[in-house]
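Please look through the sequence and the structure shown below before reading on. The report that comes after is meant for someone meeting this structure for the first time.

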Amino acid sequence: MSLIFYISSFIAILSTIMVITRYQPIHALLYLVVSFLALSVTFLSLGAPFAAALQIIVYAGAIVVLFIFVVMMLNLGKQTAQQEKEWLQLRAWLGPSILSLVLLAEMAVLLLQDNPTGMPAAVVTPKQVSLSLYGEYVIAVELVGFLLMTGIVGAAHIGKHKKKNLHRFLQTYPNLN
């Protein structure tokens with residue numbers, strides 16, 4: 001295995017730990033993007049450029065944008081402006097930026113090599129991937145779609161209801177004695 005594989009794997013593990021341990025959801029999402037990019041570089045170092053491109057397009061692109069949309073819906077309030085000021089400070093962006101620059105350097109080294117040192121693998125075309133996804137794995141793809149849709153509906157429901165509405169039987173009334 002090449003050194004690039006180990007460095008990108010270490011960055012993927014480190015950034016995933018940072019996703020779990022962050023208190024601010026936007027900070028966690030930044031580290032999640034770095035984790036997805038590190039996995040992409042890992043796939044590229046193993047000789048799977050199509051899987052690396054899918055990792056960036058599907059996960060680092062579409063799903064993270066969906067997560068950011070949900071976080072923005074849930075953070076509606078008076079303290080949002082103060083939180084946005086904190087997110088724009090250098091300390092919020094320094095860690096993910098450094099890890100992303102290391103991954104960018106690794107990807108440049110991998111792409112500019114004359115002899116790719118990836119593991120020997122069969123070439124997988126996009127047609128083969130699509131036939132596999134919508135052939136034998138069609139139920140799993142549909143279930144993932146339903147899971148993402150229920151997450152968005154749940155987040156919209158939570159973000160929509162600001163005040164607490166109790167059923168009339170659950171409301172407390174002053175003693176009428």
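The model is predicted, and the mean pLDDT of the chain is 76, with 73% of its residues reaching 70 or more. Among the elements of the chain, helix α1 (residues 3–21) has the highest mean pLDDT, at 87, whereas helix α4 (residues 80–87) has the lowest, at 66. Where pLDDT is low, the predicted coordinates should not be read in detail.

The chain holds seven helices and zero strands, so that its pattern, read along the sequence, is α-α-α-α-α-α-α. Of its 177 residues, 24% count as buried. The UniProt record, an unreviewed entry, places the feature "transmembrane region" at residues 6–23, 30–50, 56–76, 88–112 and 137–158.

The largest pocket has a volume of about 540 Å³, and its lining is made up of 17 residues, of which Leu 54, Val 58, Tyr 59, Leu 133 and Val 141 lie nearest the centre of the pocket. Two or more residues of this lining are given by each of the helices α3 (49–74), α6 (126–133) and α7 (138–160), and the largest share, seven residues, comes from α3. In kind, the lining residues divide into 15 nonpolar and two polar, with no charged residue among them.

Why does the largest pocket lie between domain 1 and domain 2? Both domain 1 (2–120) and domain 2 (125–161) give residues to the lining, and therefore the pocket lies between them.

Val 124 is found in the loop between α5 (90–112) and α6. Is Val 124 buried, partly exposed or exposed? With a relative accessible area of 45%, Val 124 is partly exposed, because that class covers the values between 20% and 50%. Although Val 124 and Phe 50 are separated by 74 residues in sequence, their C-alpha atoms are 7.6 Å apart in space.

Definitions and conventions
Residues are numbered from 1 along each chain as its sequence is written. This is a predicted model: local features need pLDDT of at least 70, side-chain atom pairs count only at pLDDT 80 or more; totals for chains, interfaces and linings use all residues. Side-chain values use heavy atoms; hydrogens and water are left out. UniProt positions are given in the numbering used here, feature names are shortened, and annotations may be inferred rather than shown by experiment. pLDDT is the predictor's confidence in each residue, from 0 to 100. Helices (H or I, at least four residues) and strands (E, at least two) are DSSP runs, numbered from the N terminus. On a 1 Å grid over the protein atoms alone, a cavity is a set of points where a 1.4 Å probe fits but cannot get out, and a pocket is an open set with protein on both sides within 12 Å along at least five of seven lines; lining residues have an atom within 4 Å of a point. Grid points are joined across faces, edges and corners, and a volume is the space filled by probe spheres set on the points. Ala, Val, Leu, Ile, Met, Phe, Trp, Tyr, Cys and Pro count as nonpolar, Asp, Glu, Lys and Arg as charged, and the others, Gly among them, as polar. Domain bounds come from an automatic or database domain assignment. Buried means under 20% relative accessible area, exposed over 50%, partly exposed in between (1.4 Å probe, protein chains only).
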